[in-house]
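Here are some notes to read alongside the model, written as numbered points. Please keep the viewer open as you go through them.

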Amino acid sequence: MVDPLYRALVLAALGLAGCESTPATDAGAAERDTGEESDVPADVPVDAPLGAPDTPISDAGEEEDAPCPADAELPTPPCYLIL
Amino acid sequence: MKRDPWVEALSPEQREAVSLRWEARVQSELEVGMSFTNLSERLEQAGIGGAVLKLARESAQQERRHAELCHELAELYGERNVSLPDMSAWEPIRFGRSRPELELHVALLGQTCISETIASGWLRACIRRIESPRVRAAYALHLREELNHARVGWTFLAAHPPSADIRRALSASLRTQVQANVNAWANEANFLSGDALPAHGFLSREDSIDAVHATVNDVIYPGLELHGITPGANES
């Protein structure tokens, strides 16, 4: 099952990308392109079950893989994490 | 501010704990707003316009409105005046990439495809459990607008497919970038000092982490894979 959030973001963006050549793209484009309403329950059904993760990531604080050299340069982003 | 029976049903300790969390979120909302303003300027300098730039600019304004909403809730729950944080020392995050194009991609990926997407998944999980009508309305507004904030990056990737070397570089740092966000979401400081209050929008740490992991595995990784960005795929 595809997560509704995947549809609302990743797939909707493919539609929005088609508007890139039109500078006047308006805020409702994503909803129109996906045929969805702008209201939250219609856009992302809050009662929709989440699909079971098939490739679980590690628990917080654990690393699955040692970071590659490029990773080591990345600072922990402190400011844009919550909302 | 209008009285709220849901708030009044809480103990003074619970109200203060919730108020402090909302107060902390005022600052994070303002920071994200400033970051979106900075991102908008950098997108414009890079010649990126259209839907991507429009969404980024709107996101900056909406995050400031989110901060106002969080401030109202902090005062409502705490029954006190809450000061707005001083943001004058805020500086945009630099990821240390020598190529401006790659620096912009890393910032955009982190702030929108990862952070804002996780925020959307987390808000959805919260809304499922919220019973307070006022808080539910606040979270619903956040989620509706958060979706467009996340779409900044997803639309950018769809409209401006990254070159092979950019994809390799993004792939090489993706797992670390995601893990940094997951770790931050799991930080004990983000949770109430007492028991969780899901009816008021504050999940337990365990439920929050579950929501974050589900979003990473079901949305972020598959979405980025669609654009050729895969964790650990630093060679092609």
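1. Let's begin with B:Leu39, which, leaving aside its neighbours within four places in sequence, is in contact with B:Leu104, B:Ala107, B:Leu108, B:Gln111 and B:Thr112; contact means heavy atoms within 4.5 Å. B:Leu39 sits in helix H2 of chain B, where helices (H or I, at least four residues) are DSSP runs, numbered from the N terminus. With 1% relative accessibility, B:Leu39 counts as buried; the classes are buried under 20% relative accessible area, exposed over 50% and partly exposed in between, using a 1.4 Å probe and protein chains only. B:Ala60 lies 21 residues from B:Leu39 along the chain, and their C-alpha atoms are separated by 9.1 Å.

2. A word on conventions. This is a predicted model, in which local features need pLDDT of at least 70 and side-chain atom pairs count only at pLDDT 80 or more, while totals for chains, interfaces and linings use all residues. Residues are numbered from 1 along each chain as its sequence is written, chains are lettered from A and ligands numbered from 1 in the order in which they are written, and side-chain values use heavy atoms, with hydrogens and water left out.

3. Next, a helix pair between the chains. The axes of helix H1 (residues 4–17) of chain A and helix H4 (residues 100–127) of chain B come within 11 Å and cross at roughly 150°; these axes are lines fitted to C-alpha atoms over the stretch in contact, and angles run from 0 to 180 degrees between N-to-C directions. H1(A) and H4(B) are therefore roughly antiparallel to each other (under 35 degrees counts as roughly parallel, over 145 as roughly antiparallel, 65 to 115 as roughly perpendicular and the rest as oblique). On the H1(A) side, A:Pro4, A:Leu5 and A:Leu9 meet B:Thr117, B:Ser120, B:Gly121 and B:Arg124 of H4(B). By class, this contact of H1(A) with H4(B) has 3 nonpolar, 3 polar and 1 charged residues; Ala, Val, Leu, Ile, Met, Phe, Trp, Tyr, Cys and Pro count as nonpolar, Asp, Glu, Lys and Arg as charged, and the others, Gly among them, as polar.

4. Now the rings. Over all chains, the structure holds 4 aromatic pairs: rings of Phe, Tyr and Trp (its six-membered ring) pair if their centres lie within 6.5 Å, with planes under 30 degrees apart counted as stacked, over 60 as edge-to-face and the rest as tilted. One of them is the edge-to-face pair of B:Trp22 and B:Tyr139, at 5.8 Å centre to centre and 85° between the planes. This pair links distant parts of the chain, B:Trp22 in helix H2 (residues 12–45) and B:Tyr139 in helix H5 (residues 133–159) of chain B, 117 residues apart. B:Trp22 is buried at a relative accessible area of 1%, and B:Tyr139 is buried at 0%.

5. B:Trp22 also forms an edge-to-face pair with B:Phe202, at 5.6 Å centre to centre and 80° between the planes. Here the partners are 180 residues apart, with B:Phe202 in the loop between helix H6 (164–186) and helix H7 (205–226) of chain B. Ring pairs link B:Trp22, B:Trp122, B:Tyr139, B:Trp185 and B:Phe202 into a cluster.

6. Which residue other than glycine has a positive phi near 50°? That is B:Glu79, placed in the loop between helix H3 (50–78) and H4 of chain B. B:Glu79 is exposed, with a relative accessible area of 64%. Most residues other than glycine have a negative phi.

Definitions and conventions:
Helices (H or I, at least four residues) and strands (E, at least two) are DSSP runs, numbered from the N terminus.
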